[in-house]
Amino acid sequence: QVQLVESGGGLVQAGGSLRLSCAASGRTFSSYTMGWFRQASGKEREFVAAISRSGDNTYYASSVKGRFTISRDNAKNLVFLQVNSLKPEDTAVYYCATGRYYSIGYSSRGDYDYWGQGTQVTVSS
């Protein structure tokens, strides 16, 4: 089984920044796409960002493009999400996920098979 342990969430003012981290174990980390999703209260879990196996390609939801940056350190089995210029609408629980080995896409929940417990990001105005 894959275990994902997340950290870095917190309460920040609008315009602030955070660096979310996800530590993975139990799987060959470098062989899988990694993604970040978020879920606001009462809403569906939505795609935020994804990064390819090598880290050479990244993908972002239009709502976070230019503000968030996903990265990975395969040697340390870590994936990060740098979140800048935060807005109140970014408030949500943020989840790290491991991509399915044979998945073609990267923006749907079904493209991933293991998930972290989530870390809360709250942005005040």
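Contact here means heavy atoms within 4.5 Å. The model is predicted. Its largest nonpolar core holds 32 residues, and strand S5 (46–51) gives the most to this core, with five residues.

**Nonpolar core**

- Trp36, Val48, Phe68, Ile70, Val79, Leu81 and Tyr94 are the members that touch the most other members of the largest nonpolar core.
- Two or more residues of this core come from each of strand S3 (18–25), strand S4 (34–39), strand S5 (46–51), strand S7 (68–73), strand S8 (78–83), strand S9 (92–99) and strand S11 (119–124).
- Among these strands, S5 is the one that gives the most, namely five residues.

**Surroundings of phenylalanine 68**

- With neighbours within four places in sequence left aside, phenylalanine 68 is in contact with Arg38, Val48, Tyr60, Leu81, Gln82, Val83, Asn84, Leu86, Asp90 and Tyr94.
- Of these contact partners, Val48, Leu81 and Tyr94 are also listed with Phe68 among the core residues that touch the most other members.

- Most residues other than glycine have a negative phi.
- Asparagine 77, which is not a glycine, has a positive phi of about 55 degrees; asparagine 77 is placed in the loop between S7 and S8.
- Asparagine 77 counts as partly exposed because its relative accessibility is 25%.
- Serine 85, also not a glycine, has a positive phi of about 50 degrees, and serine 85 lies in the loop between S8 and S9.
- With a relative accessible area of 40%, serine 85 is partly exposed.

Note on methods:
Residues are numbered from 1 along each chain as its sequence is written. This is a predicted model: local features need pLDDT of at least 70, side-chain atom pairs count only at pLDDT 80 or more; totals for chains, interfaces and linings use all residues. Side-chain values use heavy atoms; hydrogens and water are left out. A nonpolar core is a set of buried Ala, Val, Leu, Ile, Met, Phe, Trp, Tyr and Cys residues joined through side-chain atoms within 4.5 Å. Buried means under 20% relative accessible area, exposed over 50%, partly exposed in between (1.4 Å probe, protein chains only). Helices (H or I, at least four residues) and strands (E, at least two) are DSSP runs, numbered from the N terminus.
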